[in-house]
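Subject: Structure for your files

Hello,

The structure is below, with the sequence. My notes on it follow.

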Amino acid sequence: MTARGARRAVVTSAARRRRWRRRRPRSSSRLLSPPNISPAGLGGRGAGGPRTSRQPAAALAGFSRTRMEGNMKLAMMEDAVEYHLFLLPEEPKDPEKRKELLQKYIASITTEYASLLVSYIWQNQPFNLRYTPGKGNIPAHIVGVTKFGDNIEDEWFIVYLIKQITKKFPELVARIEDNDGEFLLIEAAEFLPKWLDPDNSTNRVFFHCGELCIIPAPRKSEEISWLPATPPTISQALEIIAKHSEKILASESIQTAVNKRIKGYPEKLQTSLHRAHCFLPAAAAAILKQHPRLVAAAVQAFYLRDPIDLRACRTFKIFLPETRVMTTVTFTKCLYAQLVQQKFVPDRRSGYTLPSPSHPQYRAHELGMKLAHGFEILCAKSNSLPDFKKSLMTTTSLWNGFLDSLKANGFFEGEIESSAKYLQKLHMAKNYFEHSVNRPESLLDVSPGEEILTLLQTLPFDQEELKKEEANLCSEDDDRWLYISPDQLDQVLQEATGKDKPAVTPKGEEPTFDLNRVTDSMKAFVSKVSSHKGAELPREPSEAPITFDAESFLNYFDKVLGSDDSDSDDFYDDLDEDSVYLNGDGDLDLGTQRPEGKAFARETLETIKTYMAQMDQELAQTSIGKSFTNWKRNENLPKEVSQTVDIDSDDDEATADGPVLDPLDLDVNLVTNVLESYRSQDGLAGPASNLLQSMGVQLPDDIDPRHTSQ
């Protein structure tokens, strides 16, 4: 991917978060600054470079996250998602009985979605649920925290799970947020009501019965009795959901925006995986065969290595290079990309050597070498656990229900119970059950390195058997998805923003473009009411057409500055929501305007007109008018090309004593300046292309041979 494509992708991915952040007044100039974009890629780190955090999260680093209760602040870990499940019925009141009931829900949820969770490879931490006791106005409930790191798909998979859980168990209500705060609202920032902003969104967004709910804020404290004037507490929110769930459903556009992001699950889980051949030490191959989830820890250890970590890889003590065998390893696409894009040369003393890049198995050798370094780094940081004892509880009813759920959902793929593949999958299920469902206290602080060292002591493997399996390896996946052209990136971005695909020009014909789209889009943009919080972009160019009426303009200021109490009702009736001066997105409170009298308003407007006339007379004596295209010079142009002419009889009268300025062709001047700005970008991202693309206007490439030759 080119630097141009990377910059454009980051700008687009951060757009929704900037819209949401813009709703909070900020004195910092960062509001109008572009995101910090690295040419190396879309976040993460480039080849051999330092790791960088996710760009959209960094853009909202100043966004302090409000805890569920009160105004207490909570600094969550970077790139982590937190989810809470509350029980709607107030019964049982007894804490012990409520705890027992919530723990049963944890077991039921884990069993219900076992087939999805067992085989999934998490970037850092798995989906997990635990009981937490009540505190203050927050009742006892179920909570979970998952650090998703660089793989944002982990977070959206959890959103899908939470949505499905509340659909399966309608008596549960869920809320979910990450270190950016209400990221579901960020995703739907284009469709949120104007009153909703980061300051008042606390405890308003929930999932209930599989639907997204947003508790509204009343315009007046006495307007709706069951809505609190301030952000609700958790107890208040649960009471509102229990009694008025049908009245607080999020709008269809907001629901669609969130559902679009999780569209494709659970089938999407398989497409997120990538299988590749790796030339690995036999010990590492045996571990990954039984515990494929540990590949994430090995990749992260290599990806985040530092010079101190690499000291352990000068001479390998555990994963020796002479024991290597060819095997198939399953990655997520994120893990595979992190491993492949790293440029790394092993230490000569390590014993790891690579064949020529033209060798057909060069990629397998390179991947295996990098994974071996990751495993060695993990083990070098850890110690084995001599007192570690497995706590298999495969005779309990919880395990039996867990296993039955796996069978019912086709996890074993119809394999005979005594077959090797069945036993391998059964071992995976037991491993997940021990570490996520029925995890003993002794395992809570076990690091991946400690687990690997313990497995090396308890996991038997035969190197010769592994070598025999090389002849029956399944084919590896094509990794062409890793490389994307600028045109493919444009298509992806257009699909992500919901814009129509540009029309394909037949061969032999010159591409055509309607310049009226440029003028319509720019007019729609300037017609939107903006404030110190930032400019609002119209969703479609036709959303806010220009309708300038001089008489309405005068009457507007006349009524704002000099309205009588008797005329106030008529004034509100006359205002149009789509007016260029006050549309539906405006925040102007007319009730706070101070009346100064009609005479003062008229005098002010006459003074402004006088100043404008004097300015026109002065400009007429200069050559600045020659820099614009006027109407007289374009009399022969078709009318549809230039429809807006700046003709005003008052201006003619004002300049009667001096030269009269030719009326300007506003459309031609606008298009000319936009195209000049676009040409100066030299094919890179810039103000003209970014602004027009955000409104769905895709300018064609500048391929004028006259400029190319220059």
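The axes of helix H12 (residues 294-303) and helix H15 (residues 362-380) come within 7 Å and cross at roughly 90°. That makes H12 roughly perpendicular to H15, a term used for angles of 65 to 115 degrees. Axes are lines fitted to C-alpha atoms, for helices over the stretch in contact, and angles run from 0 to 180 degrees between N-to-C directions. Helices are DSSP runs (H or I, at least four residues), as are strands (E, at least two), numbered from the N terminus.

This is a predicted model: local features need pLDDT of at least 70, side-chain atom pairs count only at pLDDT 80 or more, and totals for chains, interfaces and linings use all residues. Residues are numbered from 1 along each chain as its sequence is written, and side-chain values use heavy atoms, with hydrogens and water left out.

On the H12 side, Leu294, Val295, Ala297, Ala298, Val299, Ala301 and Phe302 meet Lys370, Leu371, His373, Gly374, Phe375, Ile377 and Leu378 of H15; contact means heavy atoms within 4.5 Å.

H12 is largely enclosed by the rest of the structure, because 10 of its 10 residues are buried (under 20% relative accessible area, 1.4 Å probe, protein chains only). Those buried residues pack against H15 and also against helix H11 (282-290), strand S8 (324-332), helix H14 (333-340) and helix H18 (448-458).

For the whole chain, there are 28 helices and 8 strands, and buried residues make up 41% of the 710 residues.

Regards

How values were computed
Angles under 35 degrees count as roughly parallel, over 145 as roughly antiparallel, 65 to 115 as roughly perpendicular and the rest as oblique. Buried means under 20% relative accessible area, exposed over 50%, partly exposed in between (1.4 Å probe, protein chains only).
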